[in-house]
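Good morning, and thank you for making time for this presentation.

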Amino acid sequence: MDFIHFFFIAALLFIIGVGGVILNRTNIVVVLMSLELALLSVSLNFIVFSVCLGDLMGQIFAIFILIIAACESSIGLAIILVYFRVRGSIRIDQASLLKS
Amino acid sequence: MYLNIVFLPLLGSLVAGFFGRFLGGRGAGLVTISCISLSFFLSGLAFYEVGLGGSSTYLYLMPWLESDSFHVDWAFCFDSLTVVMLIVVTFISTLVHLYSIEYMGGDPHLPRFMSYLSLFTFFMLILVTADNFVQMFVGWEGVGLCSYLLINFWFTRIQANKAAIKAMLVNRVGDFGLALGIFGIFICFGAVDYATVFALAPQLSSFSLTFFNIEFGALNLIGILLFVGAVGKSAQLGLHTWLPDAMEGPTPVSALIHAATMVTAGVFLLARCSPLLEYCPKALIVISIVGGMTAFFAATTALVQNDLKRVIAYSTCSQLGYMVFACGLSNYSVAVFHLGNHAFFKALLFLGAGSVIHAVGDEQDMRKMGGLRRLLPFTYAMMVIGSLALMGMPFLTGFYSKDVILEIGYATYSNASHFAYWLGSFAAFCTAFYSIRLLALCFLAEPNGSRALLLSASEGGWPMGLVLGILAIPSMFIGYLGRDLFIGLGTDFWGNALFCMPSNLSLVDAEFMSTDIKIFPLLCSIIGGGASFILYKRYNYNLFLMKTSFLGRRFYTFLNRKWFFDKIYNEVVTQKLLDFGYHFTYKSIDRGLIESLGPFGISNVLMDQVNKSRAWHSGYLYHYLVILGWSNFLFGICFVFGFKFSRILALLAFIVLWSIL
């Protein structure tokens with residue numbers, strides 16, 4: 001089996017995820033989604049490597065990552081919710097109070 | 001006794017200075033006068049013992065500086081040269097003290113004045129009695145300091161302040177040369193005491209020194225540097241500008257500084273260094289040329305000065321030129337003889353001028369005097385004696401020394417001496433001219449002053465009259481009396497104090513010159529005096545026409561403005577130096593280069609960088625993420641290419657450059 005395509009797809013997904021985080025200037029939910037995408041790509045990478053190397057450790061890690069990602073997105077969404085209550089907007093380019 | 005000569009004036013000065021407010025003006029005057037007259041009396045005894053008895057005295061007090069081979073003592077050496085100076089200085093100083101009691105009687109700061117006068121005398125005595133160059137330098141600087149204090153005595157007057165600063169600074173230029181000369185002496189001889197230096201001088205005539213990267217004959221260089229010192233102190237051409245300005249001080253100060261003490265220090269130095277100077281032929285040539293030019297310059301300038309004291313000041317300058325010129329021709333004894341004689345009649349002239357100024361309400365401009373002959377007959381007589389002595393009229397004091405100097409100038413077979421001789425002869429003409437002019441304008445002319453002043457004009461009190469009377473006696477007779485002792489053929493008065501190489505000896509040649517040549521300077525004087533008398537008595541209007549003609553006015557302005565020396569110095573030297581100091585060394589170097597590379601530069605760069613770094617902290621999430629991404633990327637590059645030190649360094653340099661830009 002030619003694993004290289006899977007790696008490419010994982011790397012592509014990761015780059016798209018990071019790019020989404022960096023390039024997105026308005027919507028913080030999209031940032032969260034991009035982060036999820038990056039985590040997804042990572043766990044996909046783990047699974048592919050696990051199959052490729054014939055080692056289960058990768059799949060265990062993937063399960064952990066799923067759990068961590070769920071926790072992270074729930075906490076993140078909670079923070080966004082609280083932030084929205086305070087500010088009335090969740091635009092990233094308006095969240096620059098911590099300027100120098 | 002010998003120490004008392006030197007230290008009594010110091011005692012008087014300290015008592016008058018510290019306890020003057022308890023003693024009052026008269027009390028302070030009494031203390032200083034008694035101290036100084038005792039010192040004069042003891043100087044007389046010293047003159048008898050050392051000069052006439054021929055027993056030089058050397059007193060050792062204590063060591064001063066000792067460092068390896070450098071050795072300076074506090075010690076006093078009294079030889080015939082010293083005692084002659086002692087007599088002159090203490091005599092004039094005593095009379096000036098006495099005179100000041102009357103002249104400065106109304107001044108509230110009389111104790112301070114008397115204290116300064118005594119201190120001045122003390123430093124002058126230190127100068128003449130020192131047995132080494134360093135101790136001599138103490139006196140040298142001391143008289144400079146006291147001249148500052150005395151010229152600046154009326155310290156509320158801005159002109160006095162400026163004149164005092166000028167005197168101090170111009171003297172300092174010469175002092176710098178003298179200090180260099182002393183350094184040179186130490187380098188060559190390894191000692192600074194007279195005995196060693198003068199004993200070794202013949203051995204070092206082939207020695208050479210490197211100065212400003214040029215190799216000079218050591219003795220010639222030292223001689224010229226010492227002469228630079230003398231130029232400053234004795235107001236020779238080049239550094240003479242302080243002397244006329246020093247007239248801002250009270251008149252007794254002028255009499256003390258410019259007759260007997262300060263300006264003679266330069267001539268004394270040359271005479272003292274005679275065993276050294278005899279081995280520097282080139283320095284001697286320079287000395288005689290500068291001396292001759294000074295005599296000429298000052299005499300011509302004095303012709304048209306209108307300030308009474310300034311005329312006498314320039315005449316001092318001119319006579320000092322004669323003395324220096326005599327030193328340059330190796331006739332130190334003649335120079336010292338003229339120094340002594342000059343001290344008497346110049347003090348007489350200055351104090352007489354002071355008497356005149358005192359009488360006409362502190363007016364110094366001769367054009368506003370006139371007709372004082374009947375009002376101040378005694379002062380007039382004294383001034384006539386002083387002026388005739390200054391002109392070198394036969395059988396008065398000046399005749400015996402001044403004409404000898406000019407004879408020597410002719411008799412010495414060298415270009416420099418003949419140059420100086422002709423200038424000196426012309427200066428003799430000018431001397432007579434301005435002396436008679438002074439008398440004519442002050443005493444003989446029609447009264448030009450205000451009526452009130454003339455009505456109240458009267459002779460000063462007995463101290464002033466007494467002093468003038470006492471001074472008139474040596475002004476008439478000391479030349480005749482002292483001639484054989486000081487410069488007589490084969491006199492052994494000087495002993496080892498003065499030295500003249502046999503090949504430089506020209507006194508004998510001068511003695512046997514033809515009478516025509518000998519009488520020539522005297523003719524110059526008589527013609528000058530007569531011309532002046534007739535012009536100012538009879539042809540005043542023609543003088544006025546001459547003065548206001550086109551060429552005449554140019555010439556008059558040229559001389560009256562002192563050959564534009566002050567103008568040139570101020571505009572070319574002083575102003576340029578001040579500009580340089582402000583615009584270059586202060587603004588460009590101190591405030592510019594050093595500060596922009598130093599504290600201000602560093603702090604500015606730092607603040608710039610800090611501001612740039614702060615701009616990174618924009619508060620936007622995506623900016624932070626970009627930085628995160630970039631740093632991850634760079635870290636990855638490092639990881640991929642391995643942690644090679646040089647690459648990381650290059651990378652860091654790249655980052656730093658990128659951040660600065």
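Let me begin with two helices of chain B. Helix H1(B), residues 2-18, and helix H2(B), residues 20-52, have axes that come within 8 Å and cross at roughly 175°. Because the limit for the roughly antiparallel class is an angle over 145 degrees, H1(B) counts as roughly antiparallel to H2(B). The contact of H1(B) with H2(B) comprises 17 nonpolar, 8 polar and 1 charged residues. Please keep in mind throughout that this is a predicted model.

I turn next to the open space on the protein. What is the volume of the largest pocket? The computed value is about 660 Å³. The lining of this pocket consists of 26 residues, and those nearest its centre are Val304(B), Phe433(B), Tyr536(B), Leu543(B) and Tyr556(B). Several helices of chain B each supply at least two residues of that lining: H13 (281-302), H18 (415-444), H22 (515-537), H23 (540-548) and H24 (550-560). Which helix gives the most to the lining of the largest pocket? That is H18(B), with 6 residues. By class, the lining of the largest pocket divides into 18 nonpolar, 5 polar and 3 charged residues.

In general, rolling a probe the size of a water molecule over the atoms shows where empty space is left. The structure holds 1 cavity of 30 Å³ or more, and the largest cavity contains about 40 Å³ of space. Its lining is made up of Val311(B), Ile312(B), Ser315(B), Leu349(B), Ser387(B), Leu390(B), Tyr434(B), Ser435(B) and Leu438(B). Helix H14 (308-328), helix H16 (377-391) and H18 of chain B are the elements that give two or more residues to this lining. The residues lining the largest cavity are 6 nonpolar and 3 polar, with no charged ones.

Ala427(B) lies in helix H18 of chain B, and its relative accessible area is 0%, so Ala427(B) is buried. The C-alpha atom of Ala427(B) is separated by 36 Å from that of Leu578(B), and the two residues are 151 apart along the chain.

Now to backbone geometry. Most residues other than glycine have a negative phi. Phe212(B) is not a glycine, yet has a positive phi of about 55°. Phe212(B) sits in the loop between strand E3 (208-211) and strand E4 (214-217) of chain B. Is Phe212(B) buried or exposed? Its relative accessibility is 71%, so Phe212(B) counts as exposed. Ser330(B), also not a glycine, has a positive phi of about 70°. The loop that holds Ser330(B) runs between H14 and helix H15 (332-359) of chain B. With a relative accessibility of 3%, Ser330(B) counts as buried.

Finally, the cysteines. A disulfide is a covalent bond between the sulfur atoms of two cysteines. How many disulfides does the structure hold over all chains? The number is 0. Cys273(B) is in no disulfide, and the nearest cysteine sulfur, belonging to Cys280(B), is 8.9 Å away. Since a disulfide requires the two sulfur atoms to be within 2.5 Å, the sulfur of Cys280(B), at 8.9 Å, does not qualify as a partner for Cys273(B). Cys273(B) is buried, with a relative accessible area of 1%. Cys71(A) is partly exposed, with a relative accessible area of 40%.

Key:
Residues are numbered from 1 along each chain as its sequence is written. Chains are lettered from A and ligands numbered from 1 in the order in which they are written. This is a predicted model: local features need pLDDT of at least 70, side-chain atom pairs count only at pLDDT 80 or more; totals for chains, interfaces and linings use all residues. Side-chain values use heavy atoms; hydrogens and water are left out. Buried means under 20% relative accessible area, exposed over 50%, partly exposed in between (1.4 Å probe, protein chains only). Axes are lines fitted to C-alpha atoms, for helices over the stretch in contact, and angles run from 0 to 180 degrees between N-to-C directions. Helices (H or I, at least four residues) and strands (E, at least two) are DSSP runs, numbered from the N terminus. Angles under 35 degrees count as roughly parallel, over 145 as roughly antiparallel, 65 to 115 as roughly perpendicular and the rest as oblique. Ala, Val, Leu, Ile, Met, Phe, Trp, Tyr, Cys and Pro count as nonpolar, Asp, Glu, Lys and Arg as charged, and the others, Gly among them, as polar. On a 1 Å grid over the protein atoms alone, a cavity is a set of points where a 1.4 Å probe fits but cannot get out, and a pocket is an open set with protein on both sides within 12 Å along at least five of seven lines; lining residues have an atom within 4 Å of a point. Grid points are joined across faces, edges and corners, and a volume is the space filled by probe spheres set on the points.
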